[in-house]
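The following note sets out, point by point, how selected side chains are placed and paired. Please read it beside the sequence and the structure shown here.

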Amino acid sequence: MPRSNHPFMRGFPVKALLLAMLCAFTASSAAAQDQEYRLGSQDKLSIRVVEWQTVEGAFREWSAVSGQYTISASGKLSLPFVGALQATGKTTEEISETIETTLQEKFGLADKPEAAVELAEYRPFYMAGDVQTPGQYPFVPDLTVVKAISIAGGLRRDSTGSRAERDLISAQGSAEALADERLRLLVKRARIEAEQQDKSEIKVPDEIASDPKLPSILAEEKAILDTRQKKLTLQLQALDDLKELLQQEIASLEKKVATQTRQVELAKEELEGVGSLAEKGLVVNTRVLTSERNIADMESKLLDFETAILTARQDISKADQDAIELQNTATSELAVERQEVEAKLIENEIELQTQRKLMSEALAQAPAAAAGNDLPEPTITIVRSVNGKPTAILADENSAVWPGDVVKVRQELPAPLQSSVGQ
């Protein structure tokens, strides 16, 4: 009787194979999805729409439109003022462009508002067949069949308990998912450090520099870094522009104050002359009253100019305070985000060590498993919607799982195990 029918085990002792799997669990990775992600029913989107107000020198958020939305079963995305959009098969960039164009045309805006559309939550995937817990599960990036089976509790166990190989595969899948999470957390921490140091490039730790999945994850974090730095820069630049306008206004008002002051002085000199003539009866008293009224009007206008200067200076001070508050808020948010990442890294390391211990235990039981009946490789089928039609795809442990997929696992048991399960 051959030692194993598993294609990865032909010609190799079971113990040696399991040891190799234990030492190299981080080497297996999900097959990348080459095409850009297309939205589907049950995907949740986070949408934020803002508009730059040139007169006010600030951003205005369209709170009536911003929020989280779920694509309906019919593939529609319904937003206030925008209406129902066909979202299935579209990218987030296409949805963003549609929202911007629709709002501009509907309200007759000179410039398009900015619509940021992010995927808040993928539509779920489904596990069926010979897994411990079939059902619906939340999708996570870089999901493979082995990870999906691990999420569903592993392959369904028989009553013999001699499933060391499968225990190892299940623990390996969990460890791979944790290793992937750790990679993302390390890159995220590096991005936060770059933001805290006001750097435009992310320096990743040497320990993950050679990871094949690093470029795509680094690109995602770099996009976040660029977007946040650009946003803060634009906000600070808007405040600087506002301050410059106010400074120009103050300079103009100060010139008006000087001119008005000179006019008041001339008017007072004229009043003195008219007053002398009035005392001698050479002019009527009404002319004196008119001169006094003109002086009062000019002094009132002078006071208005000085009040406007004071208001502009107060606005400049407020703009300085707003700039400081923006920077302080950004610093505080980064500090909180850094603490959260550090806590998750600690939790991740604990869970990863637990999975490694489980793998070691499965490895220790490998000789007993090898002495029994080896189980054939399970048959794995992915049912995926392609151009709106369900399509069955034959898969293996490293095949990529997409949102909305149904992963069907079927395990054929050898005759001795079938009889054992039936007892």
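1. Burial is described by relative accessible area: buried means under 20%, exposed means over 50%, and partly exposed lies in between (1.4 Å probe, protein chains only). By this rule Trp62 is buried, because its relative accessibility is 10%. The model is a predicted one, in which local features need pLDDT of at least 70 and side-chain atom pairs count only at pLDDT 80 or more, while totals for chains, interfaces and linings use all residues. Residues are numbered from 1 along each chain as its sequence is written, and side-chain values use heavy atoms, with hydrogens and water left out.

2. Aromatic rings of Phe, Tyr and Trp (its six-membered ring) pair if their centres lie within 6.5 Å; planes under 30 degrees apart count as stacked, over 60 as edge-to-face and the rest as tilted. The count under this rule is 5 aromatic pairs. One of them joins Trp62 and Phe107: the ring centres are 5.4 Å apart and the planes stand at 75°, so the pair is edge-to-face. This pair links distant parts of the chain, since Trp62 is in the loop between strand S2 (58-61) and strand S3 (67-70) and Phe107 is in helix H2 (residues 92-107), 45 residues apart. Helices (H or I, at least four residues) and strands (E, at least two) are DSSP runs, numbered from the N terminus. Phe107 has a relative accessible area of 39% and is therefore partly exposed.

3. The rings of Tyr122 and Phe139 also form an edge-to-face pair, because their centres are 4.8 Å apart and their planes are at 70°. Tyr122 counts as partly exposed at 25% relative accessibility, whereas Phe139 counts as buried at 9%. Ring pairs join Tyr37, Tyr122 and Phe139 into a cluster.

4. Where is Arg191 located? Arg191 belongs to helix H4 (residues 164-196), and it is buried because its relative accessibility is 2%. The side chain of Arg191 makes a polar contact with that of Glu195 at 2.7 Å; such a contact is a pair of N or O atoms within 3.5 Å, where within protein one must be able to donate a hydrogen and the other to accept it, and residues adjacent in sequence count only if both atoms are side-chain atoms. Glu195 lies in helix H4 as well and is buried, with a relative accessible area of 12%.

5. Side chains of opposite charge can pair when their charged atoms come close. A salt bridge is a side-chain nitrogen of Lys or Arg within 4 Å of a carboxyl oxygen of Asp or Glu, and the count by this rule comes to 27. Arg191 forms one with Glu337, the closest N and O atoms being 3.1 Å apart. That pair links distant parts of the chain: Arg191 is in helix H4 and Glu337 is in helix H6 (residues 285-364), 146 residues apart. Both residues are buried. A network of salt bridges links Lys188, Arg191, Glu195, Glu221, Arg228 and Glu337.

6. A salt bridge also joins the side chains of Glu265 and Arg262 (3.5 Å, N to O). Because these residues are 3 apart in helix H5, about one helical turn separates them. Glu265 is partly exposed, with a relative accessible area of 38%, and Arg262 is partly exposed, with 44%.
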